[in-house]
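Q: Please take me through this structure, feature by feature, and tell me how to read each one.

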Amino acid sequence: MADVRDIMELERPPTPEITRETILGDKTKKRTSVGPKVPKRPEGMHREVFALLYNDNKDAPPLFPSDTIGNNGYKQTKIKLGMRKPRKWVWMPFTNPARTDNATFHHWRRPSDEPKEYPFAKFNKKVEIRTYTDHEYQQHLKCEGWTKEETDHMMDLAHRFDLRFLMMADRYDTERFSKRSVEDIKERYYKICGVLAKLNGEKKIYTYDGDHERRRKEQLKKLYDRKPEQIEEEQFLLGELKKIEARKKERERKTQDLQKLISQADSQNETPRKTDKKLPKKKISNPSRPSRVDTNHIFQVIESAGIKFPDFKNSGVSLRSQRMKLPANVGQKKSKGVEQILQEMGLELNPTPSEEICQHFNELRSDMVLLIEIKAALSTCEYELQSLRHQYEALNPGKSLSIPPQLLSSADGEGKISTGEIIDVVGSPGTPSNT
Amino acid sequence: MSGGMLYGGDEIGALVFDPGHHSLRVGYAQEDTPKAEIPAVVGVASDDVKTEPEIKPEENNVSSTPSSNKYYIDTTFLHLPKPNMELHSYMKDGMIENWDLFEQILDYSYEKIIQSESHFHPVLFSESPWNQRQKREKLTELMFEKYKVPAFFLVKNAALAAFANGRATALVIDSGATHTSAVPVLDGYVITNAVVKSPLGGDLLVLRAREMLESIGVDLTPAALIASKEVIREKEKPKFTKKKFNFQPTNSWMTYMVKRTVQDFQQTVLQVSENPYDEKVAMNIPAVQYEFPTGYHQDFGPERFKLAEGLFDHPMLGAGYIASTSAGMCDVDIRPALYSSVVLTGGNSLVQGFSDRLSRDLSSRTPGSMRLKMIAANGTVERRFGAWVGGSILASIGTFQQMWVSAQEYQECGKAQIDRKCP
Ligand SMILES: Nc1ncnc2c1ncn2[C@@H]1O[C@H](COP(=O)(O)OP(=O)(O)O)[C@@H](O)[C@H]1O
C-alpha cells in the first residue's frame with residue numbers, strides 16, 4: 001500500500017509506530033503521539049534509499065519474532081516440549097460403507113479417535129439411472145433396430161460409466177451388437193427416459209435431437225479439419241470483407257453528407273422554387289442505396305455550405321456595413337471566387353448597405369459560395385465517374401461503359417449554368433442517386 | 001486418519017506394480033518413487049551346471065518346482081555372466097506373455113523388495129491400454145489365488161500417467177522401450193478405440209545406434225566383461241583386458257549386455273533436433289564426447305540428431321503424427337480438451353529435445369482454433385515412472401478405497417469381475 005502511495009505521490013499517512021503498546025493491542029491508551037514528525041522524502045531520492053535512513057521514530061526492525069508479553073521478556077518463556085504423552089497410532093481395520101461387500105482394509109488411526117463412519121464414504125455419489133421392467137419394455141419401449149438385449153447392454157453401460165456417453169460408445173460390445181455412434185446411444189437412452197418419465201406422470205420431458213447433434217458435429221469436424229491454407233484464405237477473405245464494409249460505410253456517410261448539402265441548398269432556395277422540395281425527400285427516403293461518390297472534396301464542402309453570417313441583432317450598436325463583411329471562416333479561395341462572380345455579373349463589390357441590399361447581397365453571396373462548392377463536388381463526381389469507367393473498361397477489355405448523358409454536365413455551358421439548374425441536374429428524376 | 005481429510009489421502013498399505021518392457025516398477029502406494037525398478041528380463045539357467053563360487057544362488061534366486069531351473073532376477077544378478085544362463089523377456093506387445101517368468105519376478109519382488117507377505121497388501125497393477133480381457137483375468141486369478149491379496153485393481157497406465165500429471169482428461173503420449181503410443185483419456189477412462197501405437201521406441205534407437213557404432217568399428221564389449229582398461233587418446237584403439245571366465249557367456253546374455261551398453265550411449269548422447277533433421281544445422285551444434293566401457297572415446301556430432309530423428313520423421317508413425325491421429329479419432333467435442341493437455345510420459349521421452357520437437361510437430365497439426373498445451377514433468381523420475389506415480393497417488397486416495405475388487409467379491413463373482421470393475 002505504502003509503495004503505491006509513494007508511486008502516486010500521495011501523502012503518506014503517518015506510519016503506525018511499532019511500540020509495545022501496539023503489539024500488545026493495548027487499546028486503552030490512545031496513541032496521540034503520532035502526528036508531528038514524519039519527515040518527508042526529499043525530492044528525487046529513491047524511496048528505497050529513504051527507507052534505509054535512520055529515523056528516530058522507527059524502532060530497529062526486530063530480528064526475531066519476539067513475544068515480550070509480561071515483564072519477563074522472551075528470555076524466560078520456554079517452549080513446552082514433551083509435556084504430554086503422545087497419542088498412539090495403530091494399524092486398524094476399517095470397513096467402508098461405500099462398498100457393498102463389507103471388505104475390511106487397514107489403515108493407521110489413533111485408537112483415541114472415536115470410530116466413526118469412513119469419512120470418504122460420503123463422496124460415493126451415483127448417477128440415478130432409470131430402470132424398466134420386462135413388461136414396461138414390451139409395452140412401451142420397443143424400438144425398431146434395438147433388441148431388448150442390446151437395450152439392456154446399453155443401460156448397463158450407462159450405469160457403469162455414469163452416463164459418459166463417449167465411454168459407452170467406446171466400450172460398446174461390438175462382438176454381440178453392431179457398432180453404435182454416440183448419438184445413436186444418446187437418442188435411444190433419452191427416448192427411454194422420456195417414455196419412462198411420461199409413464200411416471202412427470203411434467204417435464206426432455207427430448208434429444210440426434211440429427212441436430214450429428215449435423216452439429218459434422219460441422220464442427222469440418223471446422224477443425226480445415227487445412228492451414230484454408231484458414232489463411234478465410235482470414236484473408238474476412239479481412240477483405242471488413243475492408244469492403246468499411247468502404248461501404250464511408251460511402252454511405254458521404255452520400256448522406258451530399259444529401260444534406262443538397263437539402264441545404266434546397267432550403268436556401270425554398271422561396272423561389274417550392275417544387276424542388278419533393279426531390280430531396282425522395283432521396284432521403286433511400287439513403288442506404290450504394291453510392292459511388294468518393295471524394296474528400298464533398299466532405300469538406302459540407303462543413304460550410306453557404307456562408308453563415310453572424311447574427312448582429314443582439315450585439316448592440318453596429319454599423320450595418322459590418323454585416324456585409326464576409327466572416328473570417330470563409331476561405332480566401334472562396335471569397336476570391338465570390339468576387340469573381342460578382343465582377344462577371346457586373347455587380348458592385350461593396351454596395352450601399354441599406355437594409356434590403358444588405359440582406360439580399362448576403363444571400364446572394366451565400367448562394368454563390370454554395371454554387372462554387374457544388375460545382376467542385378460535381379467535378380469530382382465526374383472525375384470519379386470517368387476513372388470508374390476507365391477501371392471498368394480495363395477490367396472488361398473490349399467493352400465500353402456508356403454513361404447516360406444526364407450524368408455528364410456539358411463543359412462548355414458551365415459558366416452560364418445558374419444555381420438552380422445545377423441543383424436540378426443533381427436531383428433530376430432521371431439521375432441515379434449514386435451521383 | 002483424523003487429519004486425513006485435509007488432503008484426501010488414506011493410506012492402506014497398498015502396493016503398486018507397473019510392468020513395462022524395459023522394467024517392472026514396484027513399490028508402496030503413497031511414496032513418490034517405486035522401491036525398485038527391476039529389468040524386465042529373467043535369466044534362466046538349467047541346474048546341471050555348477051554354480052559360480054562367488055555367488056550364492058540359494059539366496060538370490062528362487063527355484064521353481066517343475067524343472068528346478070535357476071532364475072536370475074534384477075540387475076545385480078543379471079549383469080554377471082553365468083554358464084548357460086539365457087535371458088528371456090516375459091513381456092510382449094506391452095502385455096505379460098510368459099506367466100512363469102512373471103511369477104518369478106513377483107516372488108522376487110515380494111521377498112526382496114516389499115519384504116512382507118502378499119496377503120497384507122492390496123495390489124494395484126498398471127496395464128497397457130490394449131490389454132486383452134483374458135490376460136486381465138489371468139492376472140486377477142494369479143493375484144488372488146496364488147498371492148492371496150486382499151484386494152486387487154487394474155488401471156490402464158496411460159490413465160495413471162495422466163493422474164500423475166494432475167489430469168483426468170488428457171492425451172497421453174507414452175514413449176517406452178518397444179513402442180510409443182498416443183492414448184486419449186477422458187475422465188480417467190481410456191478411449192480404447194482411439195489408441196494409436198507405433199513401434200518406434202527406445203529399442204529402435206538402441207538398434208540404430210548399435211548399427212551405427214558397429215559400422216564405424218566401435219568395440220561394444222560390455223563393462224561386465226572388462227577387467228581393466230587404459231586411458232587412451234581420442235579415437236585411439238582401446239587397450240583393455242577382459243575378465244577371464246571358464247565358460248562362454250550365452251548369446252542372449254551378450255545381446256542384452258550390449259544393448260545396455262548402447263542404451264547408456266543412447267541416453268547420454270542422442271538428441272532430437274527441434275526442426276526436421278538438417279545436416280547443415282546439426283553440423284553447427286557442438287559435438288558430445290562419449291567413452292565406451294572399453295575406454296575408447298570419440299566425439300559424436302550430427303549422428304546424435306540423425307539417430308534420434310527416427311522417432312519423428314516417419315510419415316505415419318512419428319510421435320507427432322500418432323498424437324494427432326489419435327485425437328482425430330476422438331469425438332469432436334473433446335478434441336479441444338485433449339489438445340489442451342497433452343501429457344508426455346515414458347522413459348524414452350527423456351531423449352533430449354523430445355518434448356520440444358513433439359510440441360513443434362503437434363502444433364503444426366493442431367487445428368487453428370484449439371490451444372495446445374504440453375504437460376511434461378521436468379524430473380526424470382516423474383517421467384520414467386509416470387504411470388507408477390499415478391498408481392501410487394490413486395491407491396492412496398480415500399475415495400478410491402471403495403473401488404478395489406476385494407477378495408470377497410472375487411470369491412463370489414469370480415475373475416470376470418475385473419472387466420466390470422476396472423474399466
Ligand atoms: N534418461 C533417459 N534418456 C533417454 N532415454 C531413456 C532415459 N531413461 C530411460 N530411457 C529409455 O526409455 C526406455 C524405457 O522406457 P519405459 O517407459 O521404462 O518403458 P516401458 O514402459 O516399456 O518399460 C528405454 O528404451 C530407455 O532407453
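Q: How much area is buried between chain A and chain B, and what share do carbon and sulfur atoms give?
A: Buried area is the accessible area (1.4 Å probe) that two parts lose on being put together, summed over both. Here chain A and chain B bury about 3300 Å² between them, with 55% of that from carbon and sulfur atoms. On the side of chain A, the residues that lose the most area to chain B are A:Phe105, A:Phe120 and A:Tyr224, together 20% of what that side buries. This is a predicted model: local features need pLDDT of at least 70, side-chain atom pairs count only at pLDDT 80 or more, and totals for chains, interfaces and linings use all residues. Residues are numbered from 1 along each chain as its sequence is written, chains are lettered from A and ligands numbered from 1 in the order in which they are written, and side-chain values use heavy atoms, with hydrogens and water left out.

Q: How many residues of each chain are in contact?
A: Contact means heavy atoms within 4.5 Å. By that rule 41 residues of chain A touch 43 residues of chain B.

Q: How many salt bridges does the rule find across the interface of chain A and chain B?
A: Side chains of opposite charge can pair when their charged atoms come close. The rule asks for a side-chain nitrogen of Lys or Arg within 4 Å of a carboxyl oxygen of Asp or Glu. It finds six salt bridges across the interface of chain A and chain B. One of them joins A:Asp156 to B:Arg420, with the closest N and O atoms 3.0 Å apart.

Q: Which elements give two or more residues to the side of chain A that touches chain B?
A: Helices (H or I, at least four residues) and strands (E, at least two) are DSSP runs, numbered from the N terminus. The contributors are β1 (90-95), β2 (104-109), α6 (148-160), α7 (165-170) and α9 (210-224) of chain A. β2(A) gives the most, with six residues.

Q: Which salt bridge does A:Glu202 form?
A: The search of the whole structure finds 46 salt bridges over all chains. A:Glu202 pairs with A:Arg130 at 3.2 Å, N to O. A:Glu202 lies in the loop between α8 (182-199) and α9 of chain A and A:Arg130 in the loop between β2 and α5 (134-141), so the pair ties together parts that are 72 residues apart in sequence.

Q: Which residues are closest to the ligand?
A: A residue is near a molecule if one of its heavy atoms lies within 4 Å of it. There are 17 residues around the ligand, the closest being B:His21, B:His22, B:Arg25, B:Gly347 and B:Asn348. α7(B) gives the most to this shell, with three residues.
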